Amino acid sequence: MEVLRASGLSKIYGIEGNRVDAIKSIDLTIRRGEFVAIMGPSGSGKSTLLHMLAGVKEPTDGKVYIDGVDIYSLSEEERTIFRRRQIGVVYQFYNLVSSLNVEENMVLPLLLDGRDVNDNRVDEMLEILSLTQRRKFMPEALSGGQQQRVAIGRALINTPAILFADEPTGNLDSKNSQAVIELLKKSNSKYRQTTILITHDEDIALQASRVIMLEDGVIVRDEQQI
C-alpha cells in the first residue's frame, strides 16, 4: 500500500539566464513500511526533493500525496498542522531547544499541537533511544550522537506516517553514525515506520530496503535491495 506519491514534481530556482532546474518532473511512489535511501552527488537535488516530499519546500510544479492527501492543496496553516501530525523530519543539525531537557524536547511537537502526552510512549521511546538515564539532561550535556537520538525521538513521538532524515549522520563519527542507522532500522522494523533517508555514505545506503540514485534532478536508478 502506498503512503507517498509524487507526480510530475519539479523545482526551478531563478529566471532566464540564472534558471536552475533542481528537480525535473519526478514521479515516485513509496510504499508503507519501506526504508528508502536517496543518494547522489552534491548538487543533484537530494535535499530539495526530500524537502518537497516532506511538505517543507513548495514545488514549482507537480503534486505530493501523503496518505492520500494532496499536501500542496492545503493552506500554509493546514500544511503546518498536517506536517506536525503526519510527518517527522530529522536534520543533520539537531535543532534542539537549548532551554528544554531531553524529555521536553521530545514531547514538544505534541505540546505545540495541544495534544496529551502519553507517558508510556515517552518511556518506551527513551528506552529505545538509550536515553532513559538522561531524560532530564539539557542538550549541552549530551554528546552529538545523543543529541541526534533526541532529535529522532522528537520526530517519532507522534507516530508520523513518514520519517524523513536529511543526512542525519553527517555530523557524527562512524560509531555514532551506525548507532543512528540501527535506531532508524529498528523503528522501521518494529513500527513499520516508513523512512526516507538522504546519505552520501554508500555503506549506510546499502542497509536500506531500497536505494534511489539522483543525478541532475532526475532519478537515474531505483533498486530494491536483496
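Author: A salt bridge is counted where a side-chain nitrogen of Lys or Arg lies within 4 Å of a carboxyl oxygen of Asp or Glu. By that rule, a search of the whole structure, which is a predicted model, finds 18 salt bridges.

Reader: What makes the contact between the side chains of Arg31 and Glu34 a salt bridge?

Author: The N to O distance between the side chains of Arg31 and Glu34 is 3.2 Å, and since the cut-off is 4 Å, the pair qualifies as a salt bridge.

Reader: How do you know whether Glu34 counts as buried or exposed, and how is Arg31 classed?

Author: Glu34 has a relative accessibility of 6%, and buried means under 20%, so Glu34 counts as buried. Arg31 has a relative accessible area of 39%, which falls between the limits of 20% and 50%, and therefore Arg31 is partly exposed.

Reader: Which salt bridge does Arg85 form, and what does the pair tie together?

Author: The side chains of Arg85 and Asp113 meet at 2.8 Å, N to O, which is within the 4 Å limit, so this contact is a salt bridge. Arg85 belongs to helix α2 (residues 76-86), whereas Asp113 sits in the loop between α3 (102-112) and α4 (119-128), so the pair ties together parts that are 28 residues apart in sequence.

Reader: Why is Asp113 called buried, and what is the class of Arg85?

Author: Asp113 is at 11% relative accessibility, and because buried means under 20%, Asp113 is placed in that class. Arg85, with a relative accessible area of 40%, lies between 20% and 50%, so Arg85 is partly exposed.

Reader: What makes the pair of Arg135 and Asp123 a salt bridge?

Author: The N to O distance of this pair is 3.1 Å, and because that is within 4 Å, the contact between Arg135 and Asp123 meets the criterion for a salt bridge. The pair links distant parts of the chain, with Arg135 in the loop between α4 and α5 (144-156) and Asp123 in helix α4, 12 residues apart.

Reader: Which residues do salt bridges that share partners join into one network?

Author: That network consists of Arg31, Glu34, Arg210 and Asp222.

Reader: What makes β1 and β4 paired strands?

Author: Pairing needs at least two bridges, and strand β1 has 5 bridges with strand β4 (residues 61-66), so the two are paired, in the antiparallel sense. Within this pairing, Leu4 stands opposite Ile66. Strand β1 (residues 2-13) is also joined to strand β2 (residues 20-31), again antiparallel, over 8 bridges, where the bridge partner of Glu2 is Arg31. The hairpin of β1 and β2 has 6 residues between the strands, and Gly14 there takes a positive phi near 75°.

Reader: Why do β4 and β5 count as a pair?

Author: Strands β4 and β5 (residues 69-70) share 2 bridges in the antiparallel sense, and because at least two are required, they pair. Ile66 has Val69 as its bridge partner in β5.

Reader: What makes β6 and β10 the edge strands of the open sheet?

Author: The order of the 6 strands is β6-β7-β8-β3-β9-β10, with mixed pairing, and β6 (87-90) and β10 (218-224) each pair on one side only. Within this sheet, β3 (residues 35-39) and β9 (residues 210-215) pair in the parallel sense over 4 bridges, with Ala37 standing opposite Val211.

Notes. Residues numbered from 1 in each chain as written. Predicted model: local features only at pLDDT ≥ 70, side-chain atom pairs only at ≥ 80, totals over all residues. Heavy atoms only, no water. Buried < 20%, exposed > 50% of the residue type's maximum accessible area, 1.4 Å probe, protein only.
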